[in-house]
Amino acid sequence: MDYRSTRNEKLRATAAEAILQGLAGDGGLYSMDSLSGLDFDWRSVLDCDTLTTAREVLAALLPGFGKEELEELLHDAYDGKFETDELTPTVEVGDDAVLELFRGPTSAFKDVALRMLPQLMRRAREKCGVDDQIMILTATSGDTGKAAMEGFRDVPGTGIIVFYPHGGVSAVQQAQMATQEGGNVYVCAVEGNFDDAQTGVKNIFAAVEANDLLKDSGVRLSSANSINIGRLAPQVVYYFRAYAALVKAGRIAVGDKVDFSVPTGNFGDILAGYFAREMGLPVGRLICASNANNVLTEFLATGRYDRNRPFYKTASPSMDILVSSNLERLLFLMSGDGDLVAKLMAELKETGAYEVPAELRARIGGIFWGGCCDDAGTKAAIGKLYRDHGYLADTHTAVAWQVAQEYKVACPDHNPVVILSTASPYKFPVAVWEGLGEVAGEDEFALMADLCEKTGVAIPKNLQGLQEKEVRHRDVIKKEDMLSYVLGKVKEDAWKK
Ligand SMILES: *Cc1c(COP(=O)(O)O)cnc(C)c1O
């Protein structure tokens, strides 16, 4: 029982159980008591290839999963799926390094974790002796849904239903989802916005739980979002890969510290960096980069988390989040105090805000540095990166780069900085085109071609010819009908294997 709820030390689970359940029964997140005591030699992985590094990191983080089985799962997850042999290459851009996480099958960094989570879930199901089929429910504002479907597609024992806001995602994202293949995937537009879709999914979980709606159905529900430890663990790997790349390039010596700048929404990606640090990797500062939804910037500056604020729809939509769920894990790991976490999360639920004790705030501030960048700053950064360094960045990456430049000025004692790049610029062609100083037309697909012609940067294969692909999913429903939609799909046999 290596995992426990962040809110209650008595709620314990094995790694496999934590992966199957996602959230702990009391609403807390599953966490180890501490990571610093893990039996893991960070130096030993620096000379390994990616999958070997992944095997070692995952074996340490997921007790009960053996190295041999992890190796098999890793091959199933990643072989032939990424554009580059090094799944997550590190490239030099000016004085900084950029860790490219978007070379996977849907051109978003979520691929790294969502290729592996279904494999871990498949094996966790076997380990726990569960015969039920697992149906994954996800609401998406664009990136998660596509990456999750691609990951779960035709994985035995699982199915997936993705809900997205009708008319609320970009044309590229809409085409990516509507053309999704696989015998166990369902995609459905909901009349409403992203919050409606997300609230609808939460209500389905609650209704099914409260009324035992899936009793004797042979199906249970689960979620693929980043509160699942099986989604977080695979993200820890690329921090080691980036560090190894800097050593290999002669930019640092083994043991030197490196700072990482992370475009942050739900706090999953940056928390994986904290995990790597706790496992011994010489990480200096973790730079938490936000867009205009800068609730984390304020938290890091004041110790007060307050979600009572306007919500902005920005050019970096995957970071448009006011409640960063994974922050709860950081509060737990840094305080070791589940009672404190339970109290703060209850305050968040009741009042939308909480404040951490001064001593905890000081320790968080010793590791994390926060900054933010609005849409005008994001586009200016895209232009500057391209003009000065010939590097074409997406909007999320541009936020992280801009905040990193501000960090370097504010903290002259900084270490070499690695910027995490989380999406292909071709997923957000309108804002990127405007960042280059051009005027964008309506047609996103035409813009992709323009962008390619102007910059010579290749369009990722999975985004090419999307308009011509067969549309396989056309369902549009009212938000009131989401539960009956799910119960209908649960009954069908077509997806069960
Ligand atoms: C999800 C996402 C992020 C934010 O990652 P978190 O783990 O939620 O902090 C940043 N950029 C892109 C492109 C994303 O899809």
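With a relative accessibility of 81%, Glu-442 counts as exposed in this predicted model. The residue sits in the loop that runs between α16 (429-435) and α17 (444-455).

The buried positions are Val-172, Gln-173, Ala-175, Gln-176, Met-177 and Ala-178. Their packing partners are both helices and strands: α5 (143-152), α16 and α17 on the helical side, and β7 (158-165) and β8 (185-191) among the strands.

Turning to charge pairs, the structure holds 32 salt bridges. One of them brings together the side chains of Asp-33 and Arg-12, at 3.2 Å from N to O. This pair ties distant parts of the chain, 21 residues apart, with Asp-33 in the loop between β3 (30-31) and α2 (50-61) and Arg-12 in strand β2 (residues 8-13). Asp-33 counts as partly exposed because its relative accessibility is 38%. Arg-12 likewise is partly exposed, having a relative accessible area of 31%.

A second bridge joins Lys-479 to Asp-196 through their side chains, with an N to O distance of 3.4 Å. Here the link reaches across 283 residues of the chain, from Asp-196 in helix α7 (residues 194-211) to Lys-479 in the loop between β16 (476-478) and α18 (482-491). Lys-479 has a relative accessible area of 39%, so this residue is partly exposed.

The side chains of Arg-304 and Asp-306 also meet in a salt bridge, at 3.7 Å from N to O. Asp-306 is buried, because its relative accessible area of 15% falls under the 20% cut-off. Beyond such pairs, salt bridges with shared partners join Glu-69, Glu-72, Arg-123, Glu-126 and Lys-127 into one network.

Definitions and conventions. Residues numbered from 1 in each chain as written. Predicted model: local features only at pLDDT ≥ 70, side-chain atom pairs only at ≥ 80, totals over all residues. Heavy atoms only, no water. Helix = DSSP H or I, 4+ residues; strand = E, 2+ residues; numbered from the N terminus. Buried < 20%, exposed > 50% of the residue type's maximum accessible area, 1.4 Å probe, protein only. Contact = heavy atoms within 4.5 Å. Salt bridge = Lys/Arg side-chain N within 4 Å of Asp/Glu carboxyl O.
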